[in-house]
Amino acid sequence: MTGRNATRLAWSLAALTVAIMLPAIVFLVFGLGTPPPEAVFGFRGWGLLLAAAFAIAGLLVASRVPSNPIGWILLVAGVGTAIQELAQQYALYGLYHAPGAVPGAHVAAWVTEWVWIPYMAAVALVVPMIYPTGRVLSPRWRLLLIVGLTAAALGTLCFALAPGELESSPGVQNPVGVRGADWIRTMGDVVMLTFAAALVSGIGSLALRYRISRADERQQVKWLLLGLSLLASTFLIGVPYWTLGGEGA
């Protein structure tokens, strides 16, 4: 891909993120008068900030160094986060603020159950594993990456197909849940533990890369650690709202 084409694609993905965020903002504003369920994570607009951060960072990297996959991963994560936020705000409006006012609100609620796993795997697992060179440190780390991505894929399927009520939308049944297959939810919890362990290994990979790297690469790793710290901070900010209930995103 030429530099000009890469820049166009990067800007297109960033623009797509913005285009998805705009209706999310509209539904967020319309539904401000109704508190969301306690199970919804974070504060209102949390996903919008995260999507914007991914889009900006991805655009800067992909437009300047198109050969490095990290920029493209961040751009795709921005699109995924924006989709989650739009689905979340649409569901909150259609299920709780104005029940029945918009079609498919229960489907939007279903999307929020699982769509966060793939982009979180990309950002919190793949990026630390391949940063800044775009390659893993060794075949051993590649195996850990494969295990983590497999767990993320299985977790996505389990969260999408688990029968019964949606965890973040009380009273709403999973429209595609497999009836009688209660084991799916248990399996999802197990594979997500594996995914969490893989995330820890990703941080370990980054720490090892920092130890063996030279000055320039070490400085790049410091920048990523700063970015991951900011990402972690957004989760920590959202946790009190989530645990106290009623201030969800």
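**Exercise 1. Helices α3 and α5**

Task: In this predicted model, what is the handedness of the crossing where α3 passes α5?

Solution: 
- Step 1. Look at the crossing. α3 passes α5 in a left-handed crossing.
- Step 2. Take the axes. Those of helix α3 (residues 69-97) and helix α5 (residues 116-130) come within 9 Å. They cross at roughly 160 degrees.
- Step 3. Apply the cut-off. Angles over 145 degrees count as roughly antiparallel.
- Step 4. Twelve are nonpolar, three are polar and none is charged.

**Exercise 2. Helices α4 and α6**

Task: At what angle do α4 and α6 pack, and how far apart are their axes?

Solution: 
- Step 1. Helix α4 (residues 105-114) packs with helix α6 (residues 139-161) at about 150 degrees. Their axes are 8 Å apart.
- Step 2. That angle makes α4 roughly antiparallel to α6.
- Step 3. The crossing of α4 past α6 is right-handed.
- Step 4. W110, E113 and W114 of α4 meet T156, F159 and A160 of α6.

**Exercise 3. Residue N174**

Task: Is N174 buried or exposed? Which residues does N174 contact, leaving aside neighbours within four places in sequence?

Solution: 
- Step 1. N174 sits in the loop between β2 and α7.
- Step 2. Check its accessibility. N174 has a relative accessible area of 9%. Buried means under 20%, so N174 is buried.
- Step 3. Collect its partners. Beyond those sequence neighbours, N174 contacts W110, F159, A160, L161, A162, G164 and L166.
- Step 4. Link back to Exercise 2. W110 of α4, and F159 and A160 of α6, also belong to the α4 and α6 contact.
- Step 5. N174 and E113 are 61 residues apart along the chain, with C-alpha atoms separated by 9.5 Å.

**Exercise 4. Residue A10**

Task: Which helix holds A10, and what is the relative accessible area of A10?

Solution: 
- Step 1. A10 is in helix α1 (residues 3-30).
- Step 2. The relative accessible area of A10 is 0%, so A10 is buried.
- Step 3. Setting aside neighbours within four places in sequence, A10 touches L59, A62, S63, W72 and L75.
- Step 4. A10 and L75 lie 65 residues apart along the chain. Their C-alpha atoms are 7.3 Å apart.

**Exercise 5. The salt bridge**

Task: Which residue forms a salt bridge with R185, and where in the chain do the partners lie?

Solution: 
- Step 1. The partner is E167, with the closest N and O atoms 3.0 Å apart.
- Step 2. R185 belongs to helix α7 (residues 183-212). E167 is in the loop between β1 (165-166) and β2 (169-173). The two are 18 residues apart.
- Step 3. Both ends are partly exposed: R185 at 27% relative accessibility, E167 at 48%.
- Step 4. The count for the model comes to one salt bridge.

**Exercise 6. The whole chain**

Task: How many helices and strands does the protein have, and in what order do they run?

Solution: 
- Step 1. There are eight helices and two strands.
- Step 2. From the N terminus, the order is α-α-α-α-α-α-β-β-α-α.
- Step 3. Of the 249 residues, 45% are buried.
- Step 4. Take contacts between residues at least 6 apart in sequence. Of these, 71% join residues at least 24 apart.

Technical notes:
Residues numbered from 1 in each chain as written. Predicted model: local features only at pLDDT ≥ 70, side-chain atom pairs only at ≥ 80, totals over all residues. Heavy atoms only, no water. Salt bridge = Lys/Arg side-chain N within 4 Å of Asp/Glu carboxyl O. Helix = DSSP H or I, 4+ residues; strand = E, 2+ residues; numbered from the N terminus. Buried < 20%, exposed > 50% of the residue type's maximum accessible area, 1.4 Å probe, protein only. Axes fitted to C-alpha atoms, helices over the stretch in contact; angles between N-to-C directions. Parallel < 35°, antiparallel > 145°, perpendicular 65-115°, else oblique. Left-handed = near helix turned anticlockwise from the far one by under 90°. Contact = heavy atoms within 4.5 Å. Nonpolar A, V, L, I, M, F, W, Y, C, P; charged D, E, K, R; others polar.
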